[in-house]
Structure formats: C-alpha cells, structure tokens
Amino acid sequence: PLQVEKRFALDFSYEDFITNFASKSIPVVISGGARTMTQSKWDLAHLKKVCGNKRVVLKRSVEDSAEWARLENGRTTTVREFVESIESGESTVKEYLFDWSLPLHCPALAGELTIPKYFADDFLQQTCPGSLYQDSWPSLFIAPAGIHSELHIDAFGSNFWMAMFQGKKKWSFYLPDDAPLLYPTYD
C-alpha cells in the first residue's frame with residue numbers, strides 16, 4: 001500500500017490540490033473539512049431526524065461473492081431502525097448502508113451539504129443533467145464498527161472522495177499500475 005500525504009483543509013488551497021494531487025492522480029487525506037460542510041452537525045441522531053423513515057436496502061460482505069466489492073443485498077429496513085440497532089449494539093448481522101444516494105432518497109439531507117471546493121467540479125457534476133449517476137451523488141455510508149468491503153476500484157475507475165463525520169475508516173491505496181495484480185481470483 002501507498003503512504004498517503006495528509007493536509008489540513010484550512011491551509012490547503014484548491015490550486016495546491018489540483019496541481020500536486022488531482023492532476024497527478026495522487027491520493028491525499030484532507031482533514032478538518034467535514035465540520036464546515038453541513039448546516040447542522042451530522043451525527044446519527046440528526047440522520048434519524050432528517051431521513052429516519054426512509055427505507056433502505058443494506059449491504060453485506062459475502063466472502064465468495066462475484067458481486068462488486070463482494071457486497072450483496074441484505075435486509076430492507078428504515079434508516080432509524082438501522083441506526084438504532086447500531087446504537088444499541090444489537091447489530092449482530094454485519095450489514096451497512098452503502099452508497100445510498102442522498103439526492104434521490106433524502107433530498108432534505110442533501111440540501112444541507114456543501115461540497116468542498118476541491119470536489120465541486122468533479123466528473124459527475126460536469127455531465128449533462130439526467131445523465132446516468134449525475135444526480136446520484138453525494139451518497140451516504142453508515143456502518144457499525146468492523147464492517148468492510150473488499151478491495152475494489154470505484155465505478156468508472158474514477159476518483160473518489162469521502163467525508164467522515166463520525167467514526168474511523170481504514171483505506172488501502174495502490175498504484176494505478178498495480179491494478180491488474182489486484183483482480184479477484186475465483187476457484
């Protein structure tokens with residue numbers, strides 16, 4: 001895995017991001033920016049309040065799956081029920097809310113979000129209105145501790161950004177030239 005440079009949002013210019021990272025396809029962790037992206041504090045209580053009654057299909061990791069990132073559909077529930085199962089520690093089944101489109105499923109929450117300057121002109125925002133996936137992002141991920149997806153390359157082999165509002169996430173980065181060595185093997 002690659003070592004990834006970290007930058008603090010308040011001291012990291014858009015020009016520095018484009019010149020030294022984006023244009024060279026070099027990953028970077030930008031810390032301290034998530035709290036400036038939303039009108040309200042995004043925590044589990046707020047998510048329950050704004051989109052708690054929305055129904056979701058959870059994802060679960062299946063070891064021998066041929067699905068993307070080895071994720072398959074799990075049960076259907078509401079955001080509130082799922083969050084409460086995490087908060088109570090009852091979530092024994094290792095499922096999570098994965099890549100749930102905010103504009104499509106919870107526009108009120110999407111409306112609270114300001115996309116950071118680094119990503120405001122991303123590829124999907126430059127496509128024509130109504131294009132496949134153009135209106136699907138940003139998306140939401142909620143998971144109990146210990147959940148993971150298998151090694152994967154994001155859709156379209158595109159760049160990806162994620163804001164962490166609560167918790168921790170472990171990432172592994174590899175050089176683009178190593179991609180052929182990372183394909184899954186099936187017996």
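Figure 1. The model is predicted. A search of the whole structure turns up 0 disulfides. C51 takes part in none; its nearest cysteine sulfur, that of C106, is 3.5 Å away. A disulfide needs two cysteine sulfur atoms within 2.5 Å. The sulfur of C106 has C51 as its closest cysteine sulfur, and at 3.5 Å it is too far for a bond.

Figure 2. The cut-off for buried is under 20%. Across the protein chain, buried residues make up 29% of the 187 residues.

**Figure 3. Fold of the protein chain.** The chain has 6 helices and 6 strands. Along the sequence they run β-α-β-α-β-β-α-β-α-α-α-β. The radius of gyration is 17 Å, close to the 16 Å given by the globule rule for 187 residues, so the chain is as compact as a globular protein of that length. Its C-alpha atoms fill a box of roughly 50 × 45 × 35 Å along the principal axes.

**Figure 4. Contacts within the protein chain.** Take the contacts with a separation of 6 or more: 66% of them join residues 24 or more positions apart.

Figure 5. The accessible surface is about 12,400 Å². Carbon and sulfur atoms account for 52% of that surface.

Definitions and conventions
Residues are numbered from 1 along each chain as its sequence is written. This is a predicted model: local features need pLDDT of at least 70, side-chain atom pairs count only at pLDDT 80 or more; totals for chains, interfaces and linings use all residues. Side-chain values use heavy atoms; hydrogens and water are left out. Helices (H or I, at least four residues) and strands (E, at least two) are DSSP runs, numbered from the N terminus. The radius of gyration is taken over C-alpha atoms; the globule rule is 2.2 Å times the number of residues to the power 0.38. Buried means under 20% relative accessible area, exposed over 50%, partly exposed in between (1.4 Å probe, protein chains only). Contact means heavy atoms within 4.5 Å. Accessible areas come from the Shrake-Rupley method with a 1.4 Å probe; for residues, only the protein chains shown count as cover.
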